[in-house]
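Subject: A structure to look at, with notes

Dear colleague,

Here is the structure I promised to pass on to you. Please open it beside this message and follow the notes below one part at a time.

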Amino acid sequence: MARARWGHGYMLGALRALVAIRVGELGLNRIDPRNAASARSLERLGFVKEGHLRERWIVDGEVSDSDLYGLLRSDWLATSPR
């Protein structure tokens with residue numbers, strides 16, 4: 001998303017729609033985003049930080065950590081607007 005559009009809630013709306021489709025229509029029990037652009041947006045949707053992998057990736061010589069977020073179907077159904 002273009003930087004000028006950051007902070008306007010567009011990503012949150014898009015994520016909410018994506019989760020609703022995956023949990024509601026596809027019946028998935030768990031969603032594990034592997035490359036989350038914004039942990040805060042995920043947490044606002046009910047995702048929980050479940051882990052932190054130190055020095056998980058090395059790309060072009062740069063070492064970086066990874067945070068793991070998960071969302072259970074039961075949590076989404078309990079908190080999502082109807």
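In α1, the residues that are buried are Leu12, Leu15, Val19 and Val23. Around the helix axis these residues span an arc of only 65°, which puts them on the same side of α1. Some terms need explaining here: buried means under 20% relative accessible area, exposed means over 50%, and partly exposed is what lies in between, with a 1.4 Å probe and protein chains only. Helices (H or I, at least four residues) and strands (E, at least two) are DSSP runs, numbered from the N terminus, while the arc is that of the directions from the helix axis to the C-beta atoms.

Before going further, please keep in mind that this is a predicted model, in which local features need pLDDT of at least 70 and side-chain atom pairs count only at pLDDT 80 or more, whereas totals for chains, interfaces and linings use all residues. Residues are numbered from 1 along each chain as its sequence is written, and side-chain values use heavy atoms, with hydrogens and water left out.

Helix α1 has 16 residues and reaches 22 Å from its first C-alpha to its last, close to the 22 Å expected at 1.5 Å a residue, where the expected span is 1.5 Å times one less than the number of residues. Just after α1 comes Gly27, which takes a positive phi of about 70°.

The largest nonpolar core has 10 residues in all, namely Leu12, Leu15, Val19, Val23, Leu42, Leu45, Phe47, Tyr69, Leu71 and Trp76. A nonpolar core is a set of buried Ala, Val, Leu, Ile, Met, Phe, Trp, Tyr and Cys residues joined through side-chain atoms within 4.5 Å. At least two residues of this core come from each of α1 (10–25) and β3 (62–72), and α1 gives the most, with 4 residues. In soluble globular proteins, nonpolar side chains tend to be buried together.

Gly24 also lies in helix α1, but Gly24 is partly exposed, at 49% relative accessibility. Leaving out residues up to four places away in sequence, Gly24 touches Val19 and Arg73, where contact means heavy atoms within 4.5 Å. Although Gly24 and Arg73 are 49 residues apart along the chain, their C-alpha atoms are separated by 8.6 Å.

**Strands β2 and β3**

Strand β2 (residues 48–59) and β3 run antiparallel and are joined by 8 bridges; two strands pair if DSSP finds at least two bridges between them. The hairpin of β2 and β3 has 2 residues between the strands, and in this hairpin Asp60 takes a positive phi near 50°.

Which residue of β3 is the bridge partner of Lys49? The partner is Tyr69. Lys49 also forms a salt bridge with Asp67, with the closest N and O atoms 3.4 Å apart. Since Lys49 lies in strand β2 and Asp67 in strand β3, the pair ties together parts that are 18 residues apart in sequence. The rule used is that a side-chain nitrogen of Lys or Arg is within 4 Å of a carboxyl oxygen of Asp or Glu, and by this rule the count comes to 1 salt bridge. Lys49 is partly exposed, with a relative accessible area of 43%, and Asp67 is partly exposed as well, at 34%.

Glu55, in strand β2, is exposed, with a relative accessible area of 60%. Leaving aside neighbours within four places in sequence, Glu55 is in contact with Val63, Ser64 and Asp65; Glu55 and Asp65 are 10 residues apart in sequence and 4.6 Å apart in space, C-alpha to C-alpha.

**The chain as a whole**

The chain has 3 helices and 3 strands, and from the N terminus on the elements run α-β-α-β-β-α. Buried residues make up 21% of the 82 residues in the chain. Among contacts between residues at least 6 apart in sequence, 48% join residues at least 24 apart.

With best wishes
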